[in-house]
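Please look over the sequence and the model below before reading on. The paragraphs after it are meant to be read alongside the coordinates.

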Amino acid sequence: MNASEFLTAASLDNYLSRLHETTVPEWGKMNAVQMLEHLGLAMAFSCNKHETLAILTPPEKIERYKQFLYSEMEMQRSLPSPLQGDVPPPPHSDNLVIARQYLLDEISDFDAYFQQHPTQKTVHHIFGMLDYEEWKAFHRKHFLHHFRQFGML
């Protein structure tokens, strides 16, 4: 399934229905609510809802890193986010339904942003400047990583 098909409410409902507040991750420190909020925050960053991040990757490595987004390679497990560090932030809510809706709202906002700004590129702190298609590839890979983490695949 390509990134455009994957990032739809209908497709995601299939996966999200497998997640419960008591679901224990196979690795990492986030709980189910934190994971959904984490994915929602990544969606928000991709459409410039938060302060622009610095690109941490040396410029000469950006294109090689972007190739990873389209590869079959999985994201590394238990790799701390440079944005959040070793300890995930406390959840904004303890309610999985609220976190799920937050994520779906951010996906909708992401699509709307790039429909209004189809040629826009925004900053990803590792992969550099990404356009809509590149962001969709990133989000698909990122979602699948966390869906594996929580046994949702």
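The model is predicted.

Begin with helix α3, which covers residues 32–46. From the first C-alpha to the last, its 15 residues reach 22 Å, close to the 21 Å expected at 1.5 Å a residue. At the start of the helix, N31 places a side-chain oxygen within 3.0 Å of the backbone nitrogen of V33. At the other end, α3 is followed by N48, which has a positive phi near 60°.

How many of the 15 residues of α3 are buried? The count is 14, so the helix is largely enclosed by the rest of the structure. Buried here stands for a relative accessible area under 20%.

The loop between α3 and α4 (62–69) contains K49. With neighbours up to four places away in sequence set aside, K49 is in contact with A44, E106 and D109. For D109 there is also a polar contact, made between its side chain and that of K49 at 2.5 Å. By contrast, P25 is 24 residues from K49 along the chain, and the C-alpha atoms of the two are separated by 28 Å.

The largest nonpolar core has 35 residues. Those with the most contacts inside this core are F6, L12, L19, L36, F143, F147 and M152. Helices α2 (9–16), α3, α4, α5 (96–116) and α6 (132–149) each supply at least two of the core residues. Which helix gives the largest share of the core? That helix is α5, with eight residues.

Helix α6 also holds H139. This histidine has a relative accessible area of 0% and is therefore buried. Not counting residues up to four places away in sequence, H139 touches L7, A42, M43, S46 and F110. For one of these, M43, the separation from H139 is 96 residues in sequence but 7.5 Å in space, C-alpha to C-alpha.

An α-helix has 3.6 residues a turn, so residues three or four places apart point the same way.

Methods: Residues numbered from 1 in each chain as written. Predicted model: local features only at pLDDT ≥ 70, side-chain atom pairs only at ≥ 80, totals over all residues. Heavy atoms only, no water. Helix = DSSP H or I, 4+ residues; strand = E, 2+ residues; numbered from the N terminus. Expected span 1.5 Å × (residues − 1). Buried < 20%, exposed > 50% of the residue type's maximum accessible area, 1.4 Å probe, protein only. Polar contact = N/O pair within 3.5 Å; in protein donor to acceptor, adjacent residues only side chain to side chain. Contact = heavy atoms within 4.5 Å. Core = buried A, V, L, I, M, F, W, Y, C linked by side-chain atoms within 4.5 Å.
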